[in-house]
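The sequence and the structure are shown next.

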Amino acid sequence: MLVDLLPIAILGGVLGLDVVSFPQAMISRPIVAATLSGALIGQPLSGVLIGAALELIALETLPFGASRYPEWGSASVVGGAIFASHPDHPAGAMTVSVVAALATTWVGGWTMVKLRQLNAVWAGKNRVALEAGARGSVVSLQLKGMTADLARGLLLTAVAYAILAPLSNMLMMLWSVDARVSRCVVVTAAASVAGGAAWKLFHSTSGARWFFIGGLAVGAFVLFVK
Amino acid sequence: MTELPIGTRISIFARLLAIQGAWNYETLLGNGIGFCLEPALRLLPGGVHSPQFHQALARESRYFNAHPYLASVAVGALARAELDGEPPERIERFRTALCGPLGSVGDRLVWAGWLPFCSLASLAIFGIGGGPLAVVGFFLISYNIGHFGLRIWGLNTGWNHGLRVASALGNPVLRRGPQEIGRLAALATGIAIPLALGRVIGPGRGYIGTVLLAVAVGSLLVVRLQRRIEGWRLSLWLLAAFILISVIR
């Protein structure tokens, strides 16, 4: 586990940076982040599996302006790494990995708020220079913010993985519910959040409900034909 | 000035990717706008040591709010205005007026449209059996065609129109795009949810019907409770309770 910690933390840092600071190319979305994390462990398929479950939940939390939202980049790396560390997918592996990711995303959202407050403190300290149009202050403030964000993601991932990976192993050893039922519970929770999110996003779009029903018919048909 | 030198344009574009690097609750995107405009302001008469440069950089680093991708429109337009020597009062009025539209249009087009659509379409690919490379590759390529395209379009449009850029915001993609993408995303939601949950559960159909029914009820619950608790928090508590039950029974 310790051997994995450094590369996972670096990946978490880079993907945490993508959430807001640089470059917002959405490599921090769970479907990407968890897959990359799984690939780092040597299990990309496990990564995409948990990434899909997390992506369903993440559909609800889009990065609107100054709103406070959970940080999915580092969290998906943690969840993906924990799940991919158990390639035979024992009962409870998906449940504890998703909960580990959700707990990390919560703390990650809080750290982002703190970082934004810190950026404001740094800007306040540079107010005179900024009002004088000092090039160095504008550039250094930007670089400092990004460096701090990278460090935030890296530290968050390292601490979360170091705490949650052994805890998850312990919980999996005590797990008593059937593996298939456990997955059904996770996927029901995740898809319910996605369904609710979709309604919130598209219910005011004219005709969207017919497109949704049409899509649902196609999806259900393909599912039962497969 | 009619043309922005290519080196300056590349430098501004690279900085646009980091426009939110110093985002904070006081000046929001302000410092990022100054940071992105700085390569263009170097072209002012007298360069980086001139009073014009310092005054312009100070002006441009003040409070600003916009969608991060569409902020490129503002950066292009402000670069043009500063280099054309527009009066400072006019530039400040323009900055104030631009904040609202660039925020709301971008939120609807990207955060509430393009991002969920690409996410759901990649989940549908996952659901029909796509491998990690296909799923991630589809998501990143499709999303970033829109992402980079919007930033490049914004910078060019802003530069070409200068302070008259408001008319360009009437572009059909920005006006009708959110509606059209919303419909496509609704279609993708319908396709993706059953397929994705089918794949996560695994082979066999024993549980699918029950899960689909539970998802319908769960979605209703998430919508009903939306003002009290967010869905992700609700699922965290429910799954944590499930873990507790599973390990202590």
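## Terms and basis

A residue is called buried when its relative accessible area is under 20%, exposed when that value is over 50%, and partly exposed in between, with a 1.4 Å probe and protein chains only. The model is a predicted one, in which local features need pLDDT of at least 70 and side-chain atom pairs count only at pLDDT 80 or more, whereas totals for chains, interfaces and linings use all residues; side-chain values use heavy atoms, with hydrogens and water left out. Residues are numbered from 1 along each chain as its sequence is written, and chains are lettered from A and ligands numbered from 1 in the order in which they are written.

Helices (DSSP runs of H or I with at least four residues) and strands (runs of E with at least two) are numbered from the N terminus.

## Backbone features in the loops

In chain A, the loop between α1 (2–20) and α2 (30–41) holds P23(A), and the peptide bond that joins F22(A) to P23(A) is cis, with omega at about -10°. Q24(A) lies in the loop between α1 and α2 of chain A as well, and its phi is positive, about 55°, although Q24(A) is not a glycine. With a relative accessibility of 2%, Q24(A) counts as buried.

In chain B, a positive phi is found at L28(B), where the value is near 50° in a residue other than glycine. L28(B) is placed in the loop between α1 (6–16) and α2 (30–41) of chain B, and its relative accessibility of 10% makes it count as buried.

## Salt bridges

A salt bridge is taken here as a side-chain nitrogen of Lys or Arg within 4 Å of a carboxyl oxygen of Asp or Glu, and a search of the whole structure finds 16 of them over all chains. One of these joins the side chains of E38(B) and R135(A), with 2.4 Å from N to O. This pair crosses between chains, running from helix α2 of chain B, which holds E38(B), to helix α7 (residues 135–174) of chain A, which holds R135(A). E38(B) counts as buried because its relative accessibility is 1%, whereas R135(A), at 35%, counts as partly exposed.

Within chain B, R9(B) forms a salt bridge with E3(B), and their closest N and O atoms are 3.2 Å apart. R9(B) counts as buried at 16% relative accessibility, while E3(B) is exposed, with a relative accessible area of 52%. Another salt bridge is formed by R59(B) and E82(B), whose closest N and O atoms are 2.8 Å apart. It links distant parts of the chain, with R59(B) in helix α3 (residues 51–60) and E82(B) in helix α4 (residues 71–83) of chain B, 23 residues apart. R59(B) is buried, with a relative accessible area of 10%, and E82(B) is buried too, with a relative accessible area of 5%. Salt bridges that share partners also join R135(A), R15(B), E38(B) and R42(B) into one network.

N31(B) is found in helix α2 of chain B and is buried, with a relative accessible area of 2%. When contact is taken as heavy atoms within 4.5 Å, and residues up to four places away in sequence are not counted, N31(B) touches L130(A), V138(A), L141(A) and Q142(A) in chain A, together with A22(B) and S61(B) in chain B.

## Pockets

Grid points are joined across faces, edges and corners, and a volume is the space filled by probe spheres (1.4 Å) set on the points.

The largest pocket has a volume of about 550 Å³. Of the 20 residues that line it, those closest to its centre are G195(A), W199(A), F212(A), L216(A) and S219(B). Two or more lining residues come from each of α8 (179–202) and α9 (208–225) of chain A and α7 (172–201) and α8 (208–224) of chain B, and α8(B) gives the most, with six residues. By class, this lining has 13 nonpolar, six polar and one charged residues, where Ala, Val, Leu, Ile, Met, Phe, Trp, Tyr, Cys and Pro count as nonpolar, Asp, Glu, Lys and Arg as charged, and the others, Gly among them, as polar.

The second largest pocket has a volume of about 280 Å³. Of its 15 lining residues, E60(A), T61(A), L62(A), F64(A) and K200(A) are the closest to its centre, and the lining has eight nonpolar, three polar and four charged residues.

How values were computed
1 Å grid on protein atoms, 1.4 Å probe; cavity = no way out; pocket = protein on both sides within 12 Å on 5 of 7 lines; lining within 4 Å.
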